[in-house]
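Hi everyone, thanks for coming along.

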Amino acid sequence: MTQEPQGRSDSAASTVQKDGTLSVTDNRTGRNYDIEIKDGTVRAMDFRQIKVDEDDFGLMTYDPGYTNTASCRSAITYIDGERGILQHRGIPIEELCEHSTYLEVAYLLIHGHLPTEEELSRWVYDITHHTYVHENIKSFMGGFRHDAHPMGILLASVGALSTFYPEASDIDDEEQRNMAAIRLIAKMPTIAAFAYRHSLGLPYVYPDNDLSYTGNFLSMLFKMAEPKYEPDPRLEKALDILFILHADHEQNASTSAVRTVGSTRADPYTAVAAGVAALYGPLHGGANVAVLKMLQRIGSVENIPDFLETVKQGKERLMGFGHRVYKNYDPRARIIKSHVDEVLEATGKESPWLDIAIELEKRALDDEYFTSRKLYPNVDFYSGLIYEALGIPTEAFTVMFAIPRTSGWIAQWMEMLRDPELRIARPRQIYTGPRDQRYVPMSER
Ligand code: ACO
């Protein structure tokens, strides 16, 4: 059996060696089958021919949580979880963080290549000029309770966008698809910032087209009475890097949700709303919130050993640690960690939680429980500390993840629509309930 990390994308050179066949003997019948191996993968449907008799449905594969099932072919993001490698369209994440910007990475993900100067300025112009939302979206958002969770507001508002752009349901029209991509990337920060201002009872701040994508977002979050908000370039840059780091991560839960809903030919706003919904959960995008709450609960460095003991007893999880794909240090966590100090310096704040996080990481990485299970810090372990330093309330951390992930969701949705093998996502089940029961009238129950 080939030993390969999960979630890999294979190079053409290694594909040659991995092709071949798998000989299977069904010990129930004694029959032999040759199953094709392509790209280090067998097709689940090839097992359907394996039957005990003609009435048999055929063999299925069982994979709860899809831990070893590839659901699509994709040329967007490569991850080697064993070696801690992340690349978008083949470019390492470290290079993108050093030389690129979030909007350029969004273009790269969606269009498959780095833009020329002209393509980039057109792209930035288009996104900058679609940041406004319809006034009725604003009124719609005004209907939420003052303490509504910003992810709940975002989820509902992104879903509502589909009713404002019904033409987006023409998903076979390339122009409509591109328009929806621009609108979603442009409006996500506006909706997110409005949701934040809503929770504080502050008036919403309209987008400022003179500012960069992240500068404008900071303005919509924090502008008060000053005539013009001037973002600190260090914070603008740090946020941009965080956005690059969150832009795409291949077939994770939220991206799979976008693809699943998109496979029904729903419009892109509805498909992306499904992504927001999946990201809401504490095991996915909600983990950055859970990390900060965990650090607050631990309270001080002295309490770390007791806390780790409860984790090892299985009573709770060390949030921000572990990953389905990375069985090594998440490369995004390393980059974020290197920016925490910079942001604290720019904001002039001290994080009471940073020392706890550093010590917690150190101890966990020294502990057999975590090393034997290959549990390392993931992207969420340090991102919350930066968001907190930026003055973002804990409840809004997951929204900070949803904004940049939108470009990945759209890139994956567009790729899916072009896939000749696309079929509606419809898994099978192993039925375990009763059969052929009689309906019992109420009086006899
Ligand atoms: N703390 C303690 N133990 C853990 C943790 C953790 N954070 N993560 C996994 N384990 C243990 C499990 O208990 C299990 O141990 P066992 O074999 O003794 O039963 C083993 O490690 C394997 O764990 P699984 O749950 O099978 O791993 P899976 O791949 O299904 O889960 C997940 C991955 C959900 C990310 C998990 O590691 C987790 O819950 N982490 C904390 C939440 C988190 O940080 N999520 C963010 C992920 S990154 C993102 O979504 C952007």
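Let me begin with a definition: helices (H or I, at least four residues) and strands (E, at least two) are DSSP runs, numbered from the N terminus. Two strands pair if DSSP finds at least two bridges between them. With that in hand, look at E5 and E6, which form a hairpin with two residues between them. In that turn, arginine 89 has a positive phi of about 50 degrees.

Now the housekeeping, in two sentences. This is a predicted model, where local features need pLDDT of at least 70, side-chain atom pairs count only at pLDDT 80 or more, and totals for chains, interfaces and linings use all residues. Residues are numbered from 1 along each chain as its sequence is written, and side-chain values use heavy atoms, with hydrogens and water left out.

E5 pairs with strand E6 (residues 91–92) in the antiparallel sense, over two bridges, and glutamine 87 has proline 92 in E6 as its bridge partner. E5 also pairs with strand E4 (residues 77–80), again antiparallel, over four bridges. Here aspartate 80 stands opposite isoleucine 85. E4 and E5 make a hairpin too, with four residues between them, and glycine 84 in the turn has a positive phi of about 65 degrees.

Which residues of strand E5 sit on its covered face? They are Leu86 and His88, while Ile85 and Gln87 are on the uncovered one.

Next, the other sheet. As a reminder, strands of a sheet pair through backbone hydrogen bonds, either parallel or antiparallel. In this one, three strands form an open sheet in the order E1-E2-E3, with antiparallel pairing. Its edge strands are E1 (20–26) and E3 (41–42), each pairing on one side only. Seven bridges join E1 to strand E2 (residues 31–38), and serine 23 stands opposite aspartate 34 in E2.

Let's zoom out. The chain has 18 helices and six strands.

Take serine 263, in the loop between helix H10 (253–262) and helix H11 (268–279): serine 263 is buried, with a relative accessible area of 9%. Serine 263 and glutamate 345 are 82 residues apart in sequence and 46 Å apart in space, C-alpha to C-alpha.

Finally, the ligand. There are 19 residues around the ligand, where near means a heavy atom within 4 Å; Arg317, Leu318, Gly320, Arg324 and Asn378 come nearest. A polar side-chain atom of arginine 317 lies 2.7 Å from a ligand oxygen atom, and one of histidine 284 lies 2.9 Å from an oxygen atom of the ligand; a polar contact with the ligand is a pair of N or O atoms within 3.5 Å.

Methods
Polar contact = N/O pair within 3.5 Å; in protein donor to acceptor, adjacent residues only side chain to side chain. Buried < 20%, exposed > 50% of the residue type's maximum accessible area, 1.4 Å probe, protein only.
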